[in-house]
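Thanks for passing this one along. Here are my notes, in the order I would talk them through with you.

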Amino acid sequence: MLGTGCLKGCLGRVGLLGLLIAAALAGWRWGPSVFPRVRGWFAEEEEVVVEVLPSPELADDALDRFERFRRGETGDQLSLSATDVTSVLRHSAPGMIPGGVSDVDVEFHDGVVTLTARVLVEAFPGLPTLDGILGFLPDTVSISVEGALAPLNQDGVALVVHGVRASFIPVPLPDGMTARILTALGRRSTAGLPEDALAFPLPDGVQSAHVLRDRLILVRDG
């Protein structure tokens, strides 16, 4: 027969296992409103969030995953983080970044895309003429463009811009200036492209692209 100590120990382990299963089920059923509190009962230390920064290594990894995806080796969809995309733009796609633009950064949040970069003003002479508002620009300025991806044609997508910010102005620039700012920054006109949007060609083998929460989703062609 099992001793009293062994019996209590076994029952204790069964009880703990049941509690852990209940916690897991609660997290699956009710999501973040319950599970973080249950998890806190067992946490001994605060979680440490490690920030992943853009790097050449991440760019190489993202491009390797993209090539395998395009060959059909990893399914019909590829999910990329904003850090993946920023890494590629900074370290592996110099032809996509015009001269006078640096420190490109991409963010995805709830389906919204934010592109931020430092712009050398003398490389874009159209900027200082915008209604005099930007006539006092310093040599370089940080500009953020916020918008959402939308289908454009079979070869590309459009970033429909909702707002533009300049680093030294605390509020978004007037909507009426958006089209002229995009033109000054090198926007190219394409059939069906609104004046307040930027066109981005899709890579060969990619049928479509969209942002889902905080990820860029590429869908393979065929």
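The points below go from the overall chain to single residues.

1. First, the ground rules. This is a predicted model, in which local features need pLDDT of at least 70 and side-chain atom pairs count only at pLDDT 80 or more, while totals for chains, interfaces and linings use all residues. Residues are numbered from 1 along each chain as its sequence is written, and side-chain values use heavy atoms, with hydrogens and water left out.

2. The overall chain. You will find five helices and eight strands, where helices (H or I, at least four residues) and strands (E, at least two) are DSSP runs numbered from the N terminus. Read from the N terminus on, the order of elements is α-α-α-β-α-β-β-β-β-α-β-β-β. Of the 222 residues, 32% are buried; here buried means under 20% relative accessible area, exposed over 50%, and partly exposed in between (1.4 Å probe, protein chains only). Among contacts (heavy atoms within 4.5 Å) with a separation of 6 or more, 51% link residues 24 or more positions apart.

3. Helix 4. Seven of the 10 residues of helix 4 are buried, so this helix is largely enclosed by the rest of the structure. The buried ones are Ala 82, Asp 84, Val 85, Thr 86, Ser 87, Val 88 and Leu 89, and they pack against helix 3, strand 1, strand 2 and strand 8. Take Thr 86 as an example: its relative accessibility is 1%. Leaving out residues up to four places away in sequence, Thr 86 touches Pro 54, Val 104, Asp 105 and Val 106.

4. Leu 80 in strand 1. Strand 1 covers residues 77-81 and holds Leu 80, which counts as buried at 9% relative accessibility. Beyond residues up to four places away in sequence, Leu 80 touches Ala 62, Arg 65, Val 85, Phe 108, Arg 215, Leu 216 and Leu 218. Leu 80 and Val 211 are 131 residues apart in sequence, yet their C-alpha atoms are 9.5 Å apart.

5. The aromatic pair. How many aromatic pairs does a search of the whole structure find? It finds one. Phe 66 and Phe 69 make up this pair, with 6.1 Å from centre to centre and 45° between the planes, which counts as tilted. The cut-offs are ring centres of Phe, Tyr and Trp (its six-membered ring) within 6.5 Å, with planes under 30 degrees apart counted as stacked, over 60 as edge-to-face and the rest as tilted. Because they are three residues apart in helix 3 (residues 56-70), Phe 66 and Phe 69 are separated by about one helical turn.

6. The largest pocket. This pocket holds about 1600 Å³ of space. A pocket is an open set of points on a 1 Å grid over the protein atoms alone, where a 1.4 Å probe fits and protein lies on both sides within 12 Å along at least five of seven lines; lining residues have an atom within 4 Å of a point. Grid points are joined across faces, edges and corners, and the volume is the space filled by probe spheres set on the points. There are 46 lining residues, and Leu 89, Met 96, Leu 115, Ala 199 and Phe 200 are the closest to the centre. Strand 3 (residues 112-120) gives the most to the lining, with five residues. By class, the lining has 38 nonpolar residues, five polar and three charged (Ala, Val, Leu, Ile, Met, Phe, Trp, Tyr, Cys and Pro are nonpolar; Asp, Glu, Lys and Arg are charged; the others, Gly among them, are polar).

7. Two backbone angles to look at. Most residues other than glycine have a negative phi. Asp 110, in the loop between strand 2 (101-109) and strand 3, has a positive phi near 55° and is exposed at 59%. Arg 213, in the loop between strand 7 (206-212) and strand 8 (215-220), has a positive phi of about 55° and is exposed at 56%.
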